[in-house]
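Visitor: Pick one part of this one and walk me through it closely, please. I'd like the cut-offs spelled out as you go.

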Amino acid sequence: MSDFLPSGIQLGYLVAASLFIVGLKQLGSPATARQGNVLAAIGMFIAIAGTLLEKQVVSYELITVGIIIGSILGTIMAKTVAMTDMPQMVGLLNGFGGAASALVAVGEFWRYLSIPQSPTPDATITILLGVLIGGITFTGSLVAFAKLQELLPGAPISFPLQQPFNALLAIALLVGSGYMLFHPEDVPVFLALVAISNILGIMFVLPIGGGDMPVVVSLLNSYSGIAASVAGFILMNNMLIIAGALVGASGIILTQIMCKAMNRSISSVLFGAFGGGGGGATAGAVAGGAIDKTVRSINLEESAMMLGYARSVVIIPGYGMAVAQAQHAVRELADGLEKMGVDVKYAIHPVAGRMPGHMNVLLAEANVPYPQLYDMDDINPQFDETDVALVIGANDVVNPAARHDKASPIYGMPILDVDKAKHTIVIKRGMSAGFSGVDNELFYKDKTMMLFGSAKDVVAKLVAEVKQL
């Protein structure tokens, strides 16, 4: 039995890794995402159970206490966190993953101090990588959480000589790491490297604006996976290496998808300070004042008639819908329109909201049928034949300035071609700018009508009006 146990554990790891891969594949589609999440959870359970059978485990009592506390906290978070706060929770969990990996590296360093043996250069490099990546992920995720939670301003935060300061930190980190290779037991230098890593995480996210939060969240998710993989090398645990590599690779791929959806490079995201949110100047004004800033409003009765007697309606959800928690009312409106024979679709932009897949998650919570969800490439050719485009809280992702205004910060970003629909109704609280800090040309188009108010209240009243048609 003792000879079989290590082989059985590795076999369990193989099964868990397979479930992770299949789960990731299924997470790529809203229709299979829930099943993929369940498979990945089963894989994680198998991986944890296998790890607990390892002979290196010293104190099952402490581990049991940790599992109980973690399970209670996780359950409370899952039950109480609103879907609109999901980006913040994802960011926070990324930070916890980075912190756990950094603590593993610190613990390994202290273990070497307790035995009469210095770590090898390979072990030292692994420990330093764990501290660096884990520390950056931890504090960077905390700053991202604070921005998303509006504890910090969503606009880029910078100060004079910020880049030289960051460069000095990076140089100090490299010099200190090189020193540790020859003096691996120097505690003050090691603690200084831990501090520098955490400071770098803060400096990494502070100058990034709210418009880039979907990219930042996915990038930090990748970092947390890489940190976990490094922790796997420290602990010589194959499962942790594989799981971390999968998370790291999928996070990088998702980051690239987000950057492509915004037509921006990762360097411009990290250093471009996009999403100042303060300018408020219209894209047309920047281009030379060619836009007639006349706003055409519409009332609830007229909106209901336009929607109810249309042949096709495309709903474009945005962050405003998430803030108002209007997804259930939107689903009820769509159901009412379908009963009247209206063809209803949803247009989902990759970076709508504050995390990748934010709109998909909200609409899935409201049980919107998956076949009605269309991504940008599939829905854009259909706008020419759409009678009414209903924009609910979306802003930059439907701004036509992205096509022609080279002075606009969103120039070149692929957008939903809402302005090509025959009529457009925009539900919005006011005329405030989006994350990019510029007004939306769409709001001043001849075919656009503004319906002002909270998305949840307005859509609920629209439902009542549609029922009376």
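Guide: Helices here are DSSP runs of H or I with at least four residues, strands are runs of E with at least two, and both are numbered from the N terminus. The model is predicted, so local features need pLDDT of at least 70 and side-chain atom pairs count only at pLDDT 80 or more, while totals for chains, interfaces and linings use all residues. Residues are numbered from 1 along each chain as its sequence is written, and side-chain values use heavy atoms, with hydrogens and water left out.

To try the labels out, methionine 44 sits in helix H2 (residues 33–52). Now for the part I'd pick: the sheet. Six strands make an open sheet with parallel pairing, in the order S4-S3-S2-S5-S6-S8; two strands pair if DSSP finds at least two bridges between them. S4 (373–375) and S8 (448–452) are the edge strands, each with a single partner, so one side of each has no neighbour in the sheet. On average, neighbouring strands are turned by 25° against each other, direction ignored.

Further in, S2 (residues 312–317) and S5 (residues 388–392) run parallel and are joined by five bridges. In one of the pairings, valine 314 has alanine 389 of S5 as its bridge partner. Helix H14 (residues 327–339) packs on the sheet, touching S2, S3 (343–348) and S5, and its direction makes about 145° with that of S3. Helix H12 (residues 300–308) lies across S2, S5, S6 (423–428) and S8, at about 135° to S6. Those angles, on a scale from 0 to 180 degrees, are between N-to-C directions of axes fitted to C-alpha atoms, for helices over the stretch in contact; contact means heavy atoms within 4.5 Å.

Then there's helix H18 (residues 455–467). Its buried residues (under 20% relative accessible area; exposed is over 50%, partly exposed in between, with a 1.4 Å probe and protein chains only) are Ala455, Val458, Val459, Leu462, Val463 and Val466. Down the helix axis they fall within an arc of 145°, so they line one face of H18; the arc is that of the directions from the axis to the C-beta atoms. An α-helix has 3.6 residues a turn, so residues three or four places apart point the same way. The buried residues of H18 pack against H12, helix H13 (319–324), H14, S5, S6 and S8.

How far to trust it?
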